[in-house]
Amino acid sequence: MSDATAGRRATPTPAGGSVIHDLGYRRYEGPRAGVREARRALFWQGFRALFGLGRPAKSKAIPVFVLIVTMLPSLASVVASGASNGQVPVNYAALIAGQTLLFVLFMAAQGPELMSRDQQHRVLPLMFTRTVTRSQYAFVRWLSVFSAVLCVALAPLLLLWIGQIGVAKDPAAAFTTVGPRIGPVLLLATTMAWVIGNVGAFLSSLSPRRAYATAAVIGSFLVCIAIGSALRDLAGLSYYIAAYVDQIEGMRTVAFILFGETTRGIELHPPPPVWTFLLTEFAVGAAGLAGLFWRMRRVDA
């Protein structure tokens, strides 16, 4: 009989009940940090996973690709503005409007890495038997997704804002005129993270299979684009009514309104107040967040 086997002891139980054997595993005798530390560790694990940190190189491909493709136009715009002494304007809305789908790509590729993997590898029962409840798990996972998408969406806008001030001949004077734009920069990035992150997190949580979750995220946004185009081109509805349905177009419209930039279409057809678009985006994001909590309460664990 081995030492390990000899060390097994059976815990007395009532007659007819189950028997719990002590297999001799060493007990954890270190400090117990509590639920706050558990939530903090879960948040950072999720945030790092969304950028592929601590994982193989292929896990970092999409985050690196999205960051490079979104940052390079901002850098080029700042360099062009500095080389021309401000003659070439820095257009925030025109630049960020073309990058919205890249943020959706980031969410579709990395969201399932976080929301589907725990279901696929069946680690949720282990988590839920500890101090982390289902609601806390949903909140911390959402916070990781929201923070990661906010960083990705904010980076090119922040580069434009800092760069426009930095390349000016008189940075102090440039800060006086460009400085107030930090408000629209933060509001637009937060709106994008709220909509794309919340909807993407909910859709990613619906399936333990990563491929299905990725298709659901991309497909949902593309379907909204198709419906918006059909309402505009086939049903003859206003461009802005279609933008309420198509969240990608809605966020682009918000960008042009917040930064006071115009296009030929905006000049011909002035948009409704920006708060109507922001209210729509908030409602869509809130629905995604509610769906995520609903899913986490019902997922098998």
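Biologist: I'd like to start with helices. How are two packed helices described?

Modeller: Two packed helices are described by the angle between their axes and the distance between the axes. Keep in mind that we are looking at a predicted model. Take helix α5, residues 100-115, and helix α11, residues 210-233: their axes lie 7 Å apart, at an angle of about 155°.

Biologist: Are α5 and α11 roughly parallel or roughly antiparallel to each other?

Modeller: Angles over 145 degrees count as roughly antiparallel, so α5 and α11 are roughly antiparallel to each other. The crossing of α5 past α11 is right-handed.

Biologist: Which residues in α5 and α11 meet?

Modeller: From α5 come L101, V104, A108, A109, Q110, P112 and E113, and they meet R210, A213, T214, V217, I218, F221 and I225 of α11. Sorted by class, this contact of α5 with α11 has ten nonpolar residues, two polar ones and two charged ones.

Biologist: Now the pair α5 and α13. At roughly what angle do their axes cross?

Modeller: Helix α13 covers residues 247-258, and its axis crosses that of α5 at roughly 130°, coming within 10 Å. That angle makes α5 and α13 oblique to each other. Here too α5 makes a right-handed crossing, this time past α13.

Biologist: What meets what in α5 and α13?

Modeller: T100, L101 and V104 in α5 meet I248, M251 and R252 in α13. The contact of α5 with α13 divides into four nonpolar residues, one polar and one charged. If you have both helix pairs on screen, look for L101 and V104: they are among the α5 residues that meet α11, and they also take part in the contact with α13.

Biologist: Let's turn to single residues. Is G52 buried or exposed?

Modeller: The reading rests on relative accessible area, where under 20% means buried and over 50% means exposed. G52 sits in the loop between α2 (35-50) and α3, and its relative accessibility of 0% is why it counts as buried.

Biologist: What does G52 touch?

Modeller: Setting aside residues up to four places away in sequence, G52 touches S59, K60 and Q110. Its C-alpha is also 9.1 Å from that of E113, although G52 and E113 are 61 residues apart in sequence. Both Q110 and E113 belong to the α5 residues that meet α11.

Biologist: Where is T191, and what is it in contact with?

Modeller: T191 lies in helix α10, residues 182-204, and is buried with a relative accessible area of 10%. Beyond its neighbours within four places in sequence, T191 is in contact with M251, L278 and E281.

Biologist: One last feature: how do I read a phi angle?

Modeller: Most residues other than glycine have a negative phi. R122 has a positive phi, near 55°. This arginine is in the loop between α6 (117-120) and α7 (124-128), and at 69% relative accessibility R122 counts as exposed.

Biologist: How does R297 read, then?

Modeller: R297 is in helix α15, residues 274-298, and its 47% relative accessibility makes it partly exposed.

Terms used. Residues are numbered from 1 along each chain as its sequence is written. This is a predicted model: local features need pLDDT of at least 70, side-chain atom pairs count only at pLDDT 80 or more; totals for chains, interfaces and linings use all residues. Side-chain values use heavy atoms; hydrogens and water are left out. Axes are lines fitted to C-alpha atoms, for helices over the stretch in contact, and angles run from 0 to 180 degrees between N-to-C directions. Helices (H or I, at least four residues) and strands (E, at least two) are DSSP runs, numbered from the N terminus. Angles under 35 degrees count as roughly parallel, over 145 as roughly antiparallel, 65 to 115 as roughly perpendicular and the rest as oblique. A crossing is left-handed if the near helix is turned anticlockwise from the far one by less than a right angle, and right-handed if clockwise. Contact means heavy atoms within 4.5 Å. Ala, Val, Leu, Ile, Met, Phe, Trp, Tyr, Cys and Pro count as nonpolar, Asp, Glu, Lys and Arg as charged, and the others, Gly among them, as polar. Buried means under 20% relative accessible area, exposed over 50%, partly exposed in between (1.4 Å probe, protein chains only).
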